[in-house]
Structures are given as structure tokens and as C-alpha cells.
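User: I would like a close look at one part of this model, followed by a connected account of how other parts of the chain are arranged.

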Amino acid sequence: MIPSGRISGILQPVFSLRSAHDVGVGDFEAFDALFGWMRQASQKLVMVLPLLPTTPGDPSPYSTRSAFGLNPLFIHLGWLPEGVRFSVEEQKAIDTARASPTVRYDLVFPVKTAALERAFAAFQNQGSTARSREFEAWCGAQREWLDGYALYSSLSESFGQKPWWEWPAGLSKREPKALEAAQKEHGKRVRYHQWLQWVADGQWQRVRASAKSHGILLCGDEPFIIAQDSADCWCNPKYLRRDGRLGVPPDDFSADGQDWGLPWFDFEALAKDSDAWLRRRAKHAAATYDVRRIDHAIGYFRQYVRDVQAPKGRFIPADEPAQRALGEKNFRLLSEGAGIVAEDLGVIPRFAKDVLASLGLPGYQVMRWSREDGVYRDPRHYPEVSLVTTGTHDTETLRGWWEGTSDWEREMACRTWPELKGFQPPPKEWSFEVHEALLRAALNSQSQTCIFPWQDVFGEAERTNTPGTMGDHNWGYRMQPEVQKLASDEVLQRAANWLTRLAHEGRRG
């Protein structure tokens, strides 16, 4: 369950934040000003996309290289006590990136990486200080995951980002002597990756303190599984197996299903070790966020795996009773002492939804997808224990959907959603009236939690990601105003007051 009763909030990836003090990509510093605006707008929760470390140079937040830790890309350089100075060329790149309507990763990655390396060198040169002792203590407390992650990251760099199974056999098989030698050889770089995680964690704790002072809940996004070339797969090959590829079976959306090329969880092997790795992951995530979204919830019930035994795919476990039992066990573990939301979109069997409901765990209601017998459901009849949203990071925006959908879809929405029944015939054109009615429909729903992507609050058309495509149009969206202007710009202030009024009408806030 998400605490705090009927609330509403915003979905905003960290990279999408825009600040006068960043280097062209959103970072942790921008949150405080955002929280202030959200408080004025009576929004109680901010949902982010995964903050986990990602593949170097890859902007996708789902290209995760660890189930633990944070992405150093989101470190705010201005908060580093070592201080950061830029060369003339770096400053030119920063100015260009800041002026861009989208994230210029080609400029941001090299500038930020170089700045962090210089800051670490300065930290190292200070010798033994209270801050260095704090760093060592933190490393000791995080050793269960940090040591393996830092060594993996260092080795990956030294081998030119080759996947770990292509490393020399001693290292790929984690032979003790080879690991000991690698630790000595790459000790300085290992310490650098540990330092990055320490800095990122300290800054995130600062964000958490700010959120708490504003009465805002932080909701993270926990991917179901991580990449084959990841620290966890290297360190735990008996749990995250590479002898098969995770995906989804054929359905109405894909005749052949989807082959994600990801490893699969061996839940039987995990169980033999008392689910220790999964428990550590859940505990770590619960300590990072107030609430977290569990991606691909059905994967904790059953996995669709393509392997030598079944090239076209098979379910593991194979039968429904075993799937039900596994899902209930896993979600009891994941939700222990934590608030979670189960991402139950797509083709989900009835028994999985029943299990989640019996555990009091909210699932998703994406309004344009929530139907019965092909007809939109009235949002006022959604399950109370659910999260309603106008879209996700993978959908077109609310405006894009309204302007691009069929006349029949608009007609059905206007017949079914009470707030739109005054629009006859339904207009294709986007207007303030249509915009307000759509937000009202979500806020007035029976769902306890309502989430709006930032673009939907402001009626924007730019989307965050287009699944199945690659290019600069993905993961590059940035909010238009700098967060510092949220408290002073008259238009943005009116938007906050408008959203407050709608939220209160929907008995939220």
C-alpha cells in the first residue's frame, strides 16, 4: 500500500529536470525547487524512473548494470566540496547542452565524467580527513554489494566495455586468485567507483530530507531484472542465469512475443539460499525510496524463457498453482515493511491480479487502456487500491493520444468518463477545456493514488520514450522551465493553483 490515503503526484525522470545550475542534464539539485512547486500544487508524490547505475554512454534508465546503487550522472557537481572547474571547451559544451531543448548526452557524458574524475583526484589528495573516514565507514556498511560492483565497473573499463563473459577465464569465473590480483591492480579505480556511489548516496539523502520537509513521498522504479552484462549477473550467475533469454509470449500486440535478451531469475536457486540476494535487493530499495514501482510484476509469478529446451519459449514455473504460490511468496517478500505499486500492465492472468489484491497491493489503471469488453471503464469504478495515470514513460502524452487517436476512441471516452460527457461531438482539437476534463477524470477516479506525467500537467506533446525504437528522441525530454522559475513565473504559479483546485475537487491533497 502507498501511505497517506487519496493523493496525487507527478512522474518526472531525473534527467528531465532543468536547472540553472546543471550541465545540461537533470540532477539531484533540482528537486528542492520542484518540491516547493509541488507543495503549492497540492501534489504529494514524485515518481522517478530507475536511478540505478547504467551502461556508460547509454541514456536508458533501464540499461542497468546493477540492482544496487545510483547513477553518477545525477550527481550535482555544485554540491561537491572539492569544487569543480571547467576548461573553456568544456564550458562551451555545457552552454550548448543547457540551451538544448533535449538532453545532449554526447556533450553531457564526457564533461561530467571528466569533472567527477578531477573531483575524486582532489578528494584523494586531501589524505586522511573526517570526510575520508566517513567514506571508509560508508564503504564498510555497503560492502555486500559495493565491492563487487566497483570491481566489476573497473574491470569493464579496463577491458574496453567487453561483457564479463569475454574477460580472461580467471576473472569471468571469479577465481579467488584472479580477483585478488585484479583488486590490487585496479585498486585506485575501484576506489573511484566506490566514491561515486558514496557521493551519489549522500546527495540522494539530501533530496530525501528535502522531500520529507515538503511532505512529498519519493517513488522509485525497480526494474524486474537487469542486464546480462551487469555486476549482479557476474557476481551471482546461479541466480541470474544466461542459459536462456527472458521475454514475453505471443499476444494481441506481438504475434511472436518479445525476446528481451535478458537473463532470467532462478527462483529455485534463490530459495535454496533463503532468498538472500532478493531480500538484500528489496531491503536496499526500501531504504532508498518511500514507495517503489515494481516493474513487470508478472515476472515474479512466472517468466517466459527461450532456451535450447524451448526455442519458442516456455513458462517457468509451468503450471498455474506453482505460479500463484511463487508470486505470493515473492510479493510478500518485496512488500515487507515497504510501500509498493505493482506494474501489472499487459497480458496479466486473473490469478495474478487476485493475489496482488489479496495482499492489498495496488496495480495500474492507465485510463486509455482500462477497458471491459473493449469499452472504457468509468474511473469512478476503478479499484480503490490502485494507481490511476494518464500515461507512462512509454506512451505518447495525453495530448498526443487525444489528437492522434480515432474519432471512435474519443467518442467512447466522452460517453464513459463523466467529466467528458459535455463534449458532443468530441473535438479532435486539443483545448484547455479538454485538458482540464481529462485531468479531472483521473483525479475524480476511485483510485487512491493518481499520477500525472509532467508533460500531461502542461499539455505538452513531447514524449519520453518510444518503445521499439532507438535514437536521440528517447530519454532526452527536458521540462521547459528551469526549476528556479517555478516559484516566480506567473504562468507556472497559475498552473500550480489550478492543479490544487482540481486535486481538492477530487478529494486529494
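In which loop is the place of Gln161?

Analyst: In this predicted model, the place of Gln161 is in the loop between helix H5, residues 143-158, and helix H6, residues 169-172. Although Gln161 is not a glycine, its phi is positive, at about 65 degrees. A positive phi, near 70 degrees, is also found at Gly215, a residue that follows helix H8. Helix H8 itself covers residues 187-213, and its 27 residues, at 1.5 Å a residue, should span 39 Å, which agrees with the 39 Å between its end C-alpha atoms.

The bond from Ile316 to Pro317 is cis, with omega near -5 degrees, and Pro317 is found in the loop that runs between strand S8 (314-316) and helix H12 (320-334). The bond from Gln424 to Pro425 is likewise cis, with omega near -5 degrees, and here the proline lies in the loop between helix H15 (407-416) and helix H16 (432-443).

Turning to the packing of helices, the axes of helix H2 (residues 88-99) and helix H3 (residues 105-125) come within 10 Å and cross at roughly 135 degrees. Because an angle over 145 degrees would be needed to count as roughly antiparallel, H2 and H3 are described as oblique to each other. Their crossing is left-handed. On the H2 side the contact is made by Glu90, Ala93, Ile94, Thr96 and Ala97, and these meet Leu107, Val108, Val111, Ala114 and Arg118 of H3. Sorted by class, the contact of H2 with H3 has seven nonpolar residues, one polar residue and two charged residues. As a general point, an α-helix has 3.6 residues a turn, so residues three or four places apart point the same way.

How values were computed: Residues numbered from 1 in each chain as written. Predicted model: local features only at pLDDT ≥ 70, side-chain atom pairs only at ≥ 80, totals over all residues. Heavy atoms only, no water. Axes fitted to C-alpha atoms, helices over the stretch in contact; angles between N-to-C directions. Helix = DSSP H or I, 4+ residues; strand = E, 2+ residues; numbered from the N terminus. Parallel < 35°, antiparallel > 145°, perpendicular 65-115°, else oblique. Left-handed = near helix turned anticlockwise from the far one by under 90°. Contact = heavy atoms within 4.5 Å. Nonpolar A, V, L, I, M, F, W, Y, C, P; charged D, E, K, R; others polar. Expected span 1.5 Å × (residues − 1).
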